[in-house]
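Take a look at the model below.

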Amino acid sequence: MVEIAIKKRLQGTKGDMILDVDLQIKQGSFVSIMGESGSGKTTLLRVLAGLEKAKSKIVVDGNSWDNLLPQKREIGFVFQDYALFENMTVEQNLLFVRDDKNLSKKLLELTELTALATRNVKTLSGGQKQRVSLCRAMMNRPKILLMDEPLSALDEKMRNKLQEEISKLHRDFKTTTLMISHDAKSSYLLSDRILVLDQGKIIKDGSKDEVLKKEQKILYSL
Amino acid sequence: MDMTPFVISFKLAGITTIILFIIALPFSWWLSQTNSKSKPFLEAMTALPIVLPPSVLGFYILMILSPNSFFGNFLQEHFGVELLFSFTGLVVASSFYSLPFMVQPLQNGFESLNRHMLEASYLSGKSKLQTIWYVALPNMKPALSTALIITFAHTVGEFGVVLMVGGSIPNETKVASVAIYDMVEVMDYTKAYIYSGIMVGMSFFVLLLVYIFNHSQKKVGIL
């Protein structure tokens, strides 16, 4: 179980606001976070990862993460802009996290990147880079996988492919996952729970059917 | 022809570059990451040697290292070290003089890096030191080469501060630039031409190397 209580003053698109989130997430679940730009979604993930300070209480499997450095948090993070180590090959990006060749081989096979293992990441396409970023995030077998709009920079074909791979990895590793998404279709296909954030507050929280099917207005506005 | 002044120049530049790299690496990293109010003050202090006349900087260093000053006296009494008119004194003076040429390119290089890339390294369990060494520096090779080579070349070309702090002691503090000045003073223009020609050739070669390297790095980035 992951318990999160975060309070932080932010400058949103409509002026100052308080990010005020209090929620529990079941082990192994896949949660999508939706909401307008500037509603505090990315900050929520960054505070969870320890990359930003906030008044927070984060408990993962009974252990408090409040004073833990990002290095000790066992987090996998997929950034929107990939953030790959550009001086390294695909395989080196993975092995830099953990020297576990079996795991890197398995991840590259799952995401069909084996043929690109020795390629420098600078030479890859956007979709390939995001798949490497996903594999890298899984290399330390994280307790929580955080993804900040992993699909938004990709065209539809590539988005569908990555979506499948995210789903495959989640089935295989059963990692508790939080994904920010603007795409209602992807959120619906991947998640079992959806949160909608507005001005730093959770305004909708429920199963994908409750949030997306019944709330047609939200579905179409996203 | 006596090549000793060139040897001293290169020895001085090499040692200064190594010392400055060790000092400037954590300092420029800190400058690139901090939002501290002291940052503009420290940046201005670091950049001072660029705008100050070398004689002003040389004068202050001369005063600070002099055995009559508190610092100079302390070094002499407790360690038996006299820095004025010695090679070690030249290294100290050059380290002050060339500091901005190491700090500024490194700071710019660190600031140009994708912040998420550094954060990805932290989330991979890597410390700041490991992140600087394995992720930051390899991804800013042009800035790194500019810092190292320009610091080296600038120290080789130093004149005013060196003359004031080190004088012109043969085989000790007489670097190439000071040797040329001495030759002109005694109107030995032939030797002055040869020494100056060597300096021009070497400086051009060093700069050419920097530009070729940086250009090749940009091409790799485009591929």
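The largest nonpolar core has 80 residues, and the ones with the most contacts inside it are A:Ile33, A:Leu48, A:Phe77, A:Cys135 and A:Leu146. A nonpolar core here is a set of buried Ala, Val, Leu, Ile, Met, Phe, Trp, Tyr and Cys residues joined through C-beta atoms within 7 Å. Helix α5 (residues 87-112) of chain B gives the largest share of this core, six residues. A second, separate core has 24 residues, including B:Ile8 and B:Val161.

This is a predicted model: local features need pLDDT of at least 70, side-chain atom pairs count only at pLDDT 80 or more, and totals for chains, interfaces and linings use all residues. Residues are numbered from 1 along each chain as its sequence is written, while chains are lettered from A and ligands numbered from 1 in the order in which they are written.

Stay with A:Leu146. Leaving out residues up to four places away in sequence, A:Leu146 touches A:Leu45, A:Leu48, A:Ala49, A:Ile75, A:Gly76, A:Phe77 and A:Leu178. Two residues are in contact if their C-beta atoms, placed from the backbone, lie within 7 Å.

Now take chain A as a whole. Chain A has eight helices and 10 strands. These are DSSP runs, numbered from the N terminus: helices are H or I with at least four residues, strands E with at least two. Of the 222 residues of chain A, 41% are buried. Buried means 20 or more other C-beta atoms within 10 Å of the residue's own; exposed means 12 or fewer, and partly exposed lies in between, with C-beta atoms placed from the backbone. Among contacts in chain A with a separation of 6 or more, 69% join residues 24 or more positions apart.

Next, the partner chain. The contact takes 17 residues from chain A and 16 residues from chain B. On the side of chain A that touches chain B, β6 (75-78) and α2 (90-97) of chain A each give two or more residues.

Is A:Asp61 buried or exposed? A:Asp61 counts as exposed because it has 11 C-beta neighbours inside 10 Å. A:Asp61 lies in the loop between β4 (55-60) and β5 (63-64) of chain A.

Last comes confidence. The mean pLDDT (the predictor's confidence in each residue, from 0 to 100) of chain A is 87, and 95% of its residues reach 70 or more. Within chain A, confidence is highest in α2(A), at 96, and lowest in helix α8 (residues 216-221) of chain A, at a mean of 53.
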